[in-house]
Amino acid sequence: MTFNDIDFNSKTILITGGAGFIGSNLAFYFQNNFPMAKVVVVDCFRSGEIFSNGNLKSFGHFKNLLGFKGIVISGDINDKKLLKNLKLNYKFDYIFHQAAISDTTVSEQDLMIKTNVNAYEDLLKIAINHKANMIYASSAATYGDSDRFEVGYERANNAYGFSKVMMDNITYEYLKKDLDISIVGLKYFNVYGPKEFYKNKTASMVVQFAHQILKGLTPKLFEGSDKILRDFIYIEDVIQANIKACNPKQSGIYNVGTGKARSFEDIVNILQKELEIDKGKEYIPNPFIGAYQFFTEANIESTKENLGYKPRYEMEDGIKSYIPEIKRLFKEEVK
Ligand SMILES: NC(=O)c1ccc[n+]([C@@H]2O[C@H](COP(=O)([O-])OP(=O)(O)OC[C@H]3O[C@@H](n4cnc5c(N)ncnc54)[C@H](O)[C@@H]3O)[C@@H](O)[C@H]2O)c1
């Protein structure tokens with residue numbers, strides 16, 4: 001299924017972070033719908049190195065790209081030489097910039113800002129040079145402690161959220177110039193769906209709860225989880241937003257969510273019903289209080305109006321579509 005009339009078959013497309021969750025889904029969207037498109041994936045892939053929080057420094061995994069027929073480049077977006085080669089060796093029509101330190105609990109601020117903020121500006125310069133449209137991943141984490149989930153009301157409460165606010169600020173600066181490309185920032189809310197599994201502990205709670213349930217364990221929720229609400233969005237709706245962001249003359253920053261907050265408790269209830277296993281629920285203290293969002297709900301009015309975006313998946317639908325992949329992963333990957 002395609003989301004607009006653009007024929008990407010003759011286009012050259014760069015996907016940074018293309019071995020990650022959202023980037024690899026984008027890569028296959030183009031491969032499946034526009035087999036003649038030239039798709040270039042750049043990702044640093046996982047090295048085994050970890051941050052001080054114990055999580056991997058990057059989550060890119062070759063298994064997300066099994067069957068991919070495009071070009072794969074292993075490289076770091078902080079590497080100026082790599083960027084120079086990308087600029088000289090290709091002529092991109094679209095850049096989907098997904099590469100980032102995507103782990104919201106990382107405390108190494110230096111690398112976070114360098115990777116998420118400074119490398120974004122470098123890539124934006126390539127986009128301008130190539131006359132390529134830039135579509136980049138911002139985040140709902142920019143709202144942090146805000147109680148208004150509308151562009152302009154950001155209040156980041158961790159280094160990750162801050163880095164995404166800085167990306168948006170760079171965008172506003174560049175949009176003041178008279179550019180002949182469009183720049184679209186998409187503030188994804190909590191994304192779940194196929195190809196997120198290799199994000200380990202930072203994958204959505206949908207897949208994590210599902211695998212706890214399939215193991216026969218009682219799913220562990222933070223205390224008060226019936227009152228912790230987030231806007232959970234299925235990957236296909238995120239792909240829809242990215243593709244609709246390619247329509248010309250739509251520069252700006254937009255929320256990408258369902259517009260409807262749901263609780264972590266809801267996720268477990270739906271999974272227990274779909275998997276037909278119910279061992280109750282266990283409650284544990286929340287270790288992230290202070291840098292944690294207890295409520296998010298995207299205001300998607302301007303995304304609907306300007307991008308023609310329309311989310312198609314309620315949480316019940318998204319989880320239902322995801323169940324076969326959750327079961328396959330459990331059989332083949334979960335030890
Ligand atoms: N998944 C979500 O719920 C969500 C929500 C809001 C925003 N985002 C943003 O969307 C984008 C994609 O997220 P994702 O969920 O697919 O995460 P992900 O970690 O699966 O994907 C990011 C990819 O970037 C790569 N990467 C990291 N540092 C790199 C570097 N220095 N050079 C080259 N590649 C590098 C990683 O290897 C990984 O494959 C990120 O920018 C993330 O911040 C995600």
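**Close-ups of a predicted model**

**View 1. Who lines the second largest pocket?** Helix α1 gives the largest share of the lining of the second largest pocket, with 5 residues. This is a predicted model, so keep that in mind for every view here. The second largest pocket holds about 280 Å³ of space. It has 13 lining residues, and those closest to its centre are N25, Y29, N32, E236 and I239. Two helices, α1 (21-33) and α6, each put at least two residues into this lining.

**View 2. E236 shows up again, this time paired with R312.** The two side chains form a salt bridge, at 4.0 Å from N to O. E236 sits in helix α6 (residues 235-244), while R312 is in the loop between α8 (301-307) and α9 (315-332), so the contact ties together parts that are 76 residues apart in sequence. Is E236 buried, exposed or partly exposed? Its relative accessible area is 34%, so E236 is partly exposed. R312 also counts as partly exposed, at 43% relative accessibility.

**View 3. K260 meets E314.** Here is another salt bridge, whose closest N and O atoms are 3.0 Å apart. The pair links distant parts of the chain: K260 is in the loop between β11 (252-256) and β12 (262-263), and E314 is in the loop between α8 and α9, 54 residues apart. K260 is partly exposed at 42% relative accessibility, and E314 is partly exposed at 36%.

View 4. E301 and K304 pair up, with their closest N and O atoms 4.0 Å apart. Both residues lie in α8, and they are 3 residues apart, about one turn of the helix. E301 has a relative accessible area of 48%, which makes it partly exposed. K304 comes in at 38% and is partly exposed as well. Elsewhere, salt bridges that share partners join E154, D168 and K187 into one network. How many salt bridges does a search of the whole structure find? The count is 16.

**View 5. Strand β6, wrapped on both faces.** In β6 (residues 183-188), 6 of the 6 residues are buried, so the strand is largely enclosed by the rest of the structure. In a regular strand, side chains alternate between the two faces of the sheet. For β6, I183, G185 and K187 are on one side and V184, L186 and Y188 on the other, and all of them are buried. K187 is also part of the salt-bridge network with E154 and D168.

**View 6. The neighbours of β6 in the sheet.** Strand β5 (residues 133-139) pairs with β6 in the parallel sense over 6 bridges. Within this pairing, A137 has L186 of β6 as its bridge partner. To get from β5 to β6, the chain passes through helix α4 (residues 159-175), making a right-handed β-α-β crossover. Strand β11 pairs with β6 too, again in the parallel sense, over 5 bridges. There, G185 stands opposite I253 of β11.

**View 7. The annotated span.** An unreviewed UniProt entry carries the annotation "domain: NAD-dependent epimerase/dehydratase" for residues 13-257.

Methods. Residues numbered from 1 in each chain as written. Predicted model: local features only at pLDDT ≥ 70, side-chain atom pairs only at ≥ 80, totals over all residues. Heavy atoms only, no water. UniProt positions renumbered as here; feature names shortened; annotations may be inferred. Helix = DSSP H or I, 4+ residues; strand = E, 2+ residues; numbered from the N terminus. Buried < 20%, exposed > 50% of the residue type's maximum accessible area, 1.4 Å probe, protein only. Pairing = 2+ DSSP bridges. Right-handed = clockwise from strand over helix to strand, strands pointing away. 1 Å grid on protein atoms, 1.4 Å probe; cavity = no way out; pocket = protein on both sides within 12 Å on 5 of 7 lines; lining within 4 Å. Points joined across faces, edges and corners; volume = space filled by probe spheres on them.
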